[in-house]
Amino acid sequence: MREDYARGFSESPGIIDDSGIYLAGSTHWVPSFNETPITYKLTTVLPSGWRSVSQGERTTEKVSGEWHTDTWECKTPQEEIFLIGARFNEYSHKMNSGIDAMAFMRTPDETLAGKYLDVTEQYMDMYQKLLGPYPYTKFALVENFWETGYGMPSFTLLGEKVIRFPFILHSSYPHELLHNWWGNSVYVDFDKGNWCEGITAYGADHLISEQRGQGEDYRRSTLQKFTNVVDETNDFPVSKFSSRRDAATEAIGYGKSMMMWHMLRRQVGDENFKKGFALFYNNFKFKKASFDDIRTSFETVSGTTLQPFFNQWLSRTGAPEIAINEAKFNKVNDKFQVLISLQQKQKTAAFNVDIPVLVATEKRTEAFVVKMTDKTQDFEFSLAGEPLKLAVDPQYDVFRILDPMEVPPTWSKILASKENLVILPSKADESKKLLYKDFIDQWKAMDNDHFEVIYDNELSTLPSDKTNWILGFENKFADRINTAIAGTHSSLQGDSVIFQNKATVKKNHSFVLTIYNDQNTEFNLAFIALDNRVAIEGLIRKLPHYGKYSYLGFEGDEPVNIAKGEWPVLNSPLIKIFNSSAQSLNLIQKREPLATLAPVFSEQKMMDHIQYLASEEMKGRGLGTPELDIAARYIADKFQEYGLENFGGSYYQPFYHNFPDKGGMQLKNVVAKIKGTDEKLKDSPVILSAHYDHLGLGWPDVHKGDEGKIHFGADDNASGVSILLEIARTMAKAVQPKRSIIFITFTDEEAGLIGSRYFVSKAGNYFPKKIIANVNLDTDGSLFDKKLLVLNGNSAKEWKFVFMGTDYTTGVRSEVVQQELDASDKVAFIEKGIPAVQLFTGATENYHKPSDIYNKIDGKGLVKVAAVAKEVIEYLGDRDIPFEFTGQTQNTGNSAEEKPKTTRKASTGSVPDFAYTGEGVKIASVSKDSPGEKAGLMAGDIITTINGEKVKGLKEYSEILKKFQPGDTVELRLTREEKSLAIPITLGER
């Protein structure tokens with residue numbers, strides 16, 4: 001669905017109706033002048049309450065009696081005149097550039113309009129820096145009355161469902177904005193080929209992926225689509241592309257063209273690439289242009305002749321198919337020589353192509369580019385260190401046919417198959433047989449390819465010359481699927497399906513996956529299992545939009561996607577392993593994107609907060625210290641500075657607490673709010689929280705040898721406080737949520753959730769209605785290249801869908817952890833039946849140690865976490881229906897004294913993998929010189945028992961270890977690479 005709306009333009013002969021007005025050039029509603037571009041002034045008179053939108057600038061707007069009059073004036077030459085009209089609600093603001101950002105909504109929705117206006121300014125600023133001044137005085141989002149994704153000069157027309165998809169803001173929307181440079185101001189000379197779709201895909205869709213560190217994934221999917229859907233029967237040169245009509249025309253006109261621009265960028269360099277397109281835009285604004293005009297612009301800035309490059313990629317069909325014939329190395333004196341023989345396997349003549357080759361050595365990774373002009377060619381590299389691993393085009397920089405074993409099997413190859421054999425389960429009960437027959441009948445009605453349908457008892461082996469569809473868990477060939485995926489920690493057995501360690505129950509779920517056919521890699525095997533007839537229609541409608549995935553899981557009648565992913569590639573023919581220890585070595589080079597989007601959040605401001613809160617003068621912000629009070633005052637002052645409301649004249653929630661070993665103390669939480677606008681919802685708020693205390697000089701948790709040292713607490717939890725403050729700053733004057741949003745920093749989390757439990761126990765004094773949800777920020781300064789963990793996602797079934805949405809809107813990958821975890825302030829909410837999650841960047845070796853310092857914080861990661869948290873808080877702030885709580889409540893009364901925090905002293909010295917969802921505890925890393933390292937524990941091990949006591953998850957693991965003391969020797973039973981083994985370990989002291 002996302003790809004469809006990102007590129008799916010809808011056209012109409014014209015509509016004038018009570019629902020709205022749509023008039024385009026094809027409607028012939030205004031005279032044309034031999035296709036000559038025109039300037040114009042247009043005045044519309046519509047009933048009061050109606051507004052019109054056209055190109056250019058609105059110069060007058062007035063309401064007189066029953067009529068609304070608009071005048072639009074376009075002083076730049078246009079190929080056609082568009083007029084849109086409806087009962088619009090208009091929102092706008094003037095951007096820093098002086099250009100108007102506008103949104104015309106068919107129903108009032110200030111929050112959604114605000115998101116589009118903010119994003120407009122971000123992308124507008126980026127593209128103006130990249131290409132040159134925006135060619136119009138406005139850019140408007142216009143909500144249409146039928147589902148479209150259509151870009152006109154100075155505005156885009158999107159359907160009411162489309163604009164509410166979370167991914168549109170950072171996919172289709174910038175794509176349409178960029179079309180104002182390409183296609184809507186520099187016009188396409190269609191007689192010479194449509195160049196603008198490939199450029200726009202590269203400058204929007206690919207660039208956004210590149211900014212998120214996923215550029216090679218986007219290119220691989222592009223190559224995979226071409227490989228799967230283009231053949232001799234439907235191929236054509238890029239120069240003959242006019243518009244998208246089907247998968248093959250898209251794979252060529254968008255995909256191959258997009259890759260051509262990427263190869264040109266690699267050839268001339270980033271700076272010349274940017275200068276080339278800026279020059280092209282400047283020279284051909286409001287004129288028709290061709291591929292030749294682009295070429296001459298690039299020849300001017302690069303000083304090179306590019307005719308052969310353009311001729312090859314515009315005029316030739318097909319693509320090179322690259323293979324390694326041989327790769328070896330020799331040592332000559334102190335140098336190593338790598339010899340590699342490459343082949344172009346395609347039947348046609350050789351392409352002239354620059355091919356990246358990366359070689360990892362014992363010293364570093366070295367990069368080369370070889371110029372291949374023959375079908376077979378040998379190359380030699382000199383290296384300073386012994387080569388360990390070699391990869392040919394590992395980042396998919398070359399437009400080429402992919403080898404089937406080079407990429408994971410994906411659903412797009414199933415969709416492209418012309419010859420299909422559907423195998424039904426003969427041992428299924430009659431209702432299941434009818435269910436699967438109904439599914440395939442409906443699929444065949446949608447798909448024009450050939451399908452033969454038989455039962456599994458009619459076959460002894462699967463044919464290798466067609467695509468086999470294996471339907472049902474009961475199918476006798478399901479075991480073949482199960483065997484093939486076992487090496488990826490996946491399984492179809494039992495009452496659940498496990499995809500890469502994540503289990504989903506079979507009941508009321510639909511599962512789809514594909515694997516290689518090991519008898520013939522030109523064809524894949526498909527597996528489909530479902531138990532819900534109502535889900536069939538939605539499944540058939542949705543599956544074509546999930547072509548890039550190897551496996552999928554769907555839930556319910558709709559059905560809703562709840563699992564998706566790709567199998568790992570383990571045996572790529574374009575990788576040569578010289579040393580088995582280098583099998584998992586990453587040869588991906590980090591690159592800067594072509595342009596960067598200005599962040600909503602200030603990394604520097606967040607780092608400044610952390611530097612202060614985790615400074616030596618703050619002495620670890622320990623319980624009962626003056627420094628903890630200073631930290632509270634710092635936060636309160638920031639709330640006031642940012643313009644947040646306080647509660648009853650104060651940002652403090654003071655309370656008294658009696659500690660068994662420290663006596664009574666006066667404590668305080670720091671609280672502020674953005675007041676909700678909806679009278680029915682404002683008293684049922686959403687809470688964004690973080691704790692601001694830490695361990696001071698080592699109380700209540702201290703590792704052996706760290707007594708009396710400052711525990712700075714940069715990651716735990718100055719990072720969470722800094723993110724909360726930055727979100728508060730950016731939201732304070734920019735959002736008007738339906739529900740009140742409460743920003744709270746809790747005291748004394750480290751001593752047993754003292755502040756959060758007090759706040760929750762007194763929430764009824766502040767909010768007449770129940771809190772809808774809590775998002776807690778704790779230990780969020782170490783994201784780097786990992787997924788953001790969402791802990792206690794089991795507290796509401798909706799959480800997983802919320803964070804699937806943020807994956808799209810922010811590009812930050814998240815992992816919703818369903819385990820019951822009993823740490824951090826979210827627990828205080830869950831105990832009272834309030835859905836709550838913690839955003840967590842993972843445990844590090846610095847946890848609760850003096851080494852948790854400012855210099856180790858990932859500043860860019862803070863920005864990513866802030867983006868996710870803000871997206872979730874804004875969504876919750878405008879959500880009408882509360883989440884359904886699915887966690888486990890506990891009656892803790894009103895006092896934290898009933899549930900004191902106990903810490904274990906015994907340790908294995910390993911750091912757990914919080915994202916692991918199977919039984920046991922998976923080890924993420926083992927600390928140096930720890931008991932675990934001495935005992936032989938390894939990353940990836942899964943601990944299943946301790947002294948025979950079963951370890952179900954992290955909670956049980958912690959409770960069991962509390963029974964032992966440092967120096968005790970226990971037996972760990974664990975799983976390592978599918979094998980079970982027992983390891984004795986002498987526990988150390990934390």
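1. First, a term for what follows: a salt bridge is a side-chain nitrogen of Lys or Arg within 4 Å of a carboxyl oxygen of Asp or Glu. Lys and Arg count as positive here and Asp and Glu as negative, with His and the chain ends not counted. As for the model, it is predicted, so to speak of a local feature takes pLDDT of at least 70 and a side-chain atom pair counts only at pLDDT 80 or more, while totals for chains, interfaces and linings use all residues. Residues are numbered from 1 along each chain as its sequence is written, and side-chain values use heavy atoms, leaving out hydrogens and water.

2. Have a look at Glu798, in the loop between β36 (788-791) and α18 (799-810); helices (H or I, at least four residues) and strands (E, at least two) are DSSP runs, numbered from the N terminus. Glu798 is buried but has no salt bridge, and the nearest side chain of opposite charge, Arg879, sits 4.1 Å away. Buried means under 20% relative accessible area, exposed over 50%, and partly exposed in between (1.4 Å probe, protein chains only). Neighbours within four places in sequence aside, Glu798 is in contact (heavy atoms within 4.5 Å) with Arg879, Phe883 and Glu884.

3. Next, strand β10 (residues 138-144), where 7 of 7 residues are buried. In a regular strand the side chains alternate between the two faces of the sheet. Both faces of β10 are covered, with Lys138, Ala140, Val142 and Asn144 on one side and Phe139, Leu141 and Glu143 on the other.

4. Now for the partners of β10. Strand β9 (residues 100-105) pairs with β10 in the parallel sense over 5 bridges (strands pair if DSSP finds at least two bridges between them), and Met102 has Ala140 as its bridge partner in β10. The chain gets from β9 to β10 through helix α2 (residues 110-131), and this β-α-β crossover is left-handed. Right-handed would be a clockwise path from the first strand over the helix to the second, with the strands pointing away from the viewer. Strand β12 (residues 155-159) also runs parallel to β10, joined by 5 bridges, and its Leu158 stands opposite Glu143.

5. Lys129 belongs to helix α2 and counts as exposed because its relative accessibility is 66%.

6. Finally, Arg219, in helix α5 (residues 215-229), counts as buried because its relative accessibility is 2%. A polar atom of the Arg219 side chain lies 3.2 Å from the backbone oxygen of Tyr396. Not counting residues up to four places away in sequence, Arg219 touches several others, including His206, Asp397 and Arg591.

Definitions and conventions: Polar contact = N/O pair within 3.5 Å; in protein donor to acceptor, adjacent residues only side chain to side chain.
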